[in-house]
Structure formats: structure tokens, C-alpha cells
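Dear colleague,

Here is the structure I said I would pass on. My notes on it follow below.

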Amino acid sequence: MSHISQTSTEQVTVPTLGRWKREGRRIVMVTAYDAAMARIADPVVDVILVGDSVANVCLGFDNTLPVSMAMMEHHLEAVVRTRPRALVIVDMPFLSYHLGVAETVRNAGGFLQRGAAAVKLEGGANRVEIIRAVVGAEIPVMGHLGLTPQSVNVMGGFKVQGRSRDDATRLLDDALRLQDAGCFALLLEGIPAELAARATELLTIPTIGIGAGVGCSGQVLVFHDVLGLIQGHRAKFVRSYANGFDVLQGALSNWAADVRSGTFPAAEESYGLSEAVADSIAKWEPAK
Ligand code: KIV
């Protein structure tokens with residue numbers, strides 16, 4: 001399949017990403033929330049994130065806060081049923097890692113029992129204790145710094161973070177603490193490119209950027225953004241490679257027109273009877 005830009009056919013694992021950072025090989029990550037999306041993404045990307053952005057993208061919520069463990073498990077299971085070769089990381093939803101170490105480890109471990117290879121959770125120095133506990137339970141953790149969508153109410157909206165010197169140095173310090181706590185990678189979202197590049201330089205673990213410039217070890221985007229499936233406001237960092245919304249709506253509209261004109265389904269799209277049964281059915285009348 002010549003249209004597929006793929007870097008590897010082997011199973012991607014947590015250590016693979018560390019090796020790729022050392023080799024200077026860029027990492028490609030995309031979100032996927034069900035089996036159909038995972039099958040499209042898997043031959044192309046290195047990492048599939050079952051993101052809590054499923055809330056906005058698929059479930060119609062305004063932010064990620066309403067997503068529950070049960071919802072994330074449902075979407076994770078759909079993705080892992082396709083047995084991807086890409087590394088599957090799942091987002092720990094709001095309140096699944098805020099209520100104590102034991103509950104956090106149980107929730108994270110439940111994701112691994114359902115087939116995830118690693119979990120991602122948001123926050124800096126305030127998460128070090130639980131990250132140590134989760135990593136101590138043999139559960140790989142990706143950290144998430146910068147614009148952390150579960151903190152939307154604290155941030156007062158979805159705003160670029162780390163612009164002042166104090167905020168920028170706090171982020172660098174948090175990044176080093178998360179690495180020290182055992183994170184195998186960090187997602188950097190919505191921060192200035194220079195800051196993400198500096199974090200990537202200071203860390204030995206890989207960074208994956210979204211709205212964080214080109215100086216990260218890899219990039220992630222939301223599946224629907226790459227394919228142009230969402231209409232309306234588009235963040236500055238989104239580059240869409242298709243106008244999926246119009247393409248899909250156009251196809252649906254063509255089908256609807258064929259139904260309305262009676263040209264769908266055609267004979268070759270229909271099942272038939274033998275001549276004898278067809279004759280008999282044509283003559284059949286209900287008993288009086
Ligand atoms: O849930 C999500 O989509 C994310 C993005 C930052 C990729 O975490």
C-alpha cells in the first residue's frame with residue numbers, strides 16, 4: 001500500500017519510544033476512540049492515544065471533565081480489540097487519579113488489564129506521589145504538562161501556558177520532577193515552542209507536542225482534526241490533511257439522493273430467489 005507513510009511494522013513498546021528519542025527519530029501519535037479509527041491509524045502512526053478528548057470530539061461535551069472511567073474503558077476496549085502494533089496509551093479521566101493512591105493504582109491497573117500499554121495523566125509536581133505509586137505498580141505513565149484540559153476552570157479557559165519566566169521555569173521544573181518520578185514520556189500541550197524545545201533538551205525521556213512547536217520528540221493531533229471532520233473553530237496548531245466533513249457529508253448526500261430517486265439499491269445490490277420460488281410467490285394469495 002504505497003500511500004501509507006509508516007516507519008515500522010514491529011510492535012511499538014514503551015522502551016521503543018525512549019530508544020527513538022536517543023536515535024533522534026520523531027514519534028507520531030494520534031487519538032483514536034474506536035476500532036474503525038484504530039484500524040485506519042495503526043498502519044501509519046507509532047502511538048494511539050485513547051484520549052479523554054473523546055468527550056468533545058465524539059460525545060458532544062464542552063470539555064473533558066464529564067468523562068468517566070467506564071466511558072474510557074468502553075473506548076479503550078474497542079481500540080485494543082483491533083490488536084494494534086502501535087503503542088496504546090489511555091487517558092486517565094478527571095477524578096480517576098485525584099482521590100488517593102490506592103484508587104489511582106487500581107484505576108490505572110484496570111486500564112492495563114483491558115489492554116492498554118500505558119496511561120497518561122495531567123499535572124506537575126502535585127502528581128509526583130501518585131505517579132511514583134503507579135509506576136511502582138509496573139504501570140507506565142506518560143505525564144501531561146502545559147495546557148492541561150482537565151484544569152480548564154483553574155486556567156480560566158483553554159489558554160497557552162508557560163509564557164512568563166516564572167511559569168516557564170515552573171514547567172521545566174515540573175518536567176524534570178515527572179521524569180524523576182518515573183514517567184516514560186511527557187506530553188506538552190499549548191506552550192511556546194522555545195519552552196517545549198528547552199524541556200525536550202533537558203529531559204532524557206521523549207516529549208510529544210501538541211501546540212508546542214516542532215522541537216519536541218514527536219507530535220500528536222486529534223484524529224478528527226487531522227482528517228478535517230470537525231467544523232467551526234480550529235486551533236492554530238491544527239493542520240488538517242483532508243476536508244473529511246465535506247467528503248463524508250457529500251458521500252452521504254449522494255446515497256440519500258439515490259434512495260430518493262429509487263436508484264439504490266440496484267439489482268446487483270439485492271438478493272434474489274430461484275425462478276420457481278419467485279413464480280410461486282408472485283401467484284401466492286393470502287388464505288380468505
Ligand atoms: O485527549 C487528548 O486528545 C489529548 C490531546 C492532548 C492529544 O490528551
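To begin with the ligand shell: its residues comprise 5 nonpolar, 4 polar and 4 charged. Please keep in mind that this is a predicted model, and that the values here are computed from it.

The ligand is surrounded by 13 residues, and the closest are Asp52, Ser53, Asp91, Lys120 and Glu189.

- Ser53: a side-chain N or O atom lies 2.5 Å from an oxygen atom of the ligand.
- Lys120: the distance from a side-chain N or O atom to a ligand oxygen is 2.8 Å.
- Asp91: here a side-chain N or O atom and an oxygen of the ligand are 3.0 Å apart.

On its own the ligand has 260 Å² of accessible area, of which the protein covers 95%.

Now the packing. The largest nonpolar core consists of 53 residues. Within this core, the residues with the most contacts are Leu76, Val90, Phe111, Val119, Leu186 and Leu188. Helix α8, which spans residues 165–181, supplies the largest share of the core, with 6 residues.

Leu76 is worth a separate entry. If neighbours within four places in sequence are set aside, Leu76 is in contact with Val50, Val88, Val90, Phe111, Arg114 and Ala116. Two of these partners, Val90 and Phe111, are also on the list of residues with the most contacts inside the core.

Another core, of 19 residues, lies apart from the largest one. Its members include Met29, Ile89, Phe184 and Ala185.

Regards

Note on methods
Residues are numbered from 1 along each chain as its sequence is written. This is a predicted model: local features need pLDDT of at least 70, side-chain atom pairs count only at pLDDT 80 or more; totals for chains, interfaces and linings use all residues. Side-chain values use heavy atoms; hydrogens and water are left out. A residue is near a molecule or strand if one of its heavy atoms lies within 4 Å of it. A polar contact is a pair of N or O atoms within 3.5 Å; within protein, one must be able to donate a hydrogen and the other to accept it, and residues adjacent in sequence count only if both atoms are side-chain atoms. Accessible areas come from the Shrake-Rupley method with a 1.4 Å probe; for residues, only the protein chains shown count as cover. Ala, Val, Leu, Ile, Met, Phe, Trp, Tyr, Cys and Pro count as nonpolar, Asp, Glu, Lys and Arg as charged, and the others, Gly among them, as polar. A nonpolar core is a set of buried Ala, Val, Leu, Ile, Met, Phe, Trp, Tyr and Cys residues joined through side-chain atoms within 4.5 Å. Buried means under 20% relative accessible area, exposed over 50%, partly exposed in between (1.4 Å probe, protein chains only). Helices (H or I, at least four residues) and strands (E, at least two) are DSSP runs, numbered from the N terminus. Contact means heavy atoms within 4.5 Å.
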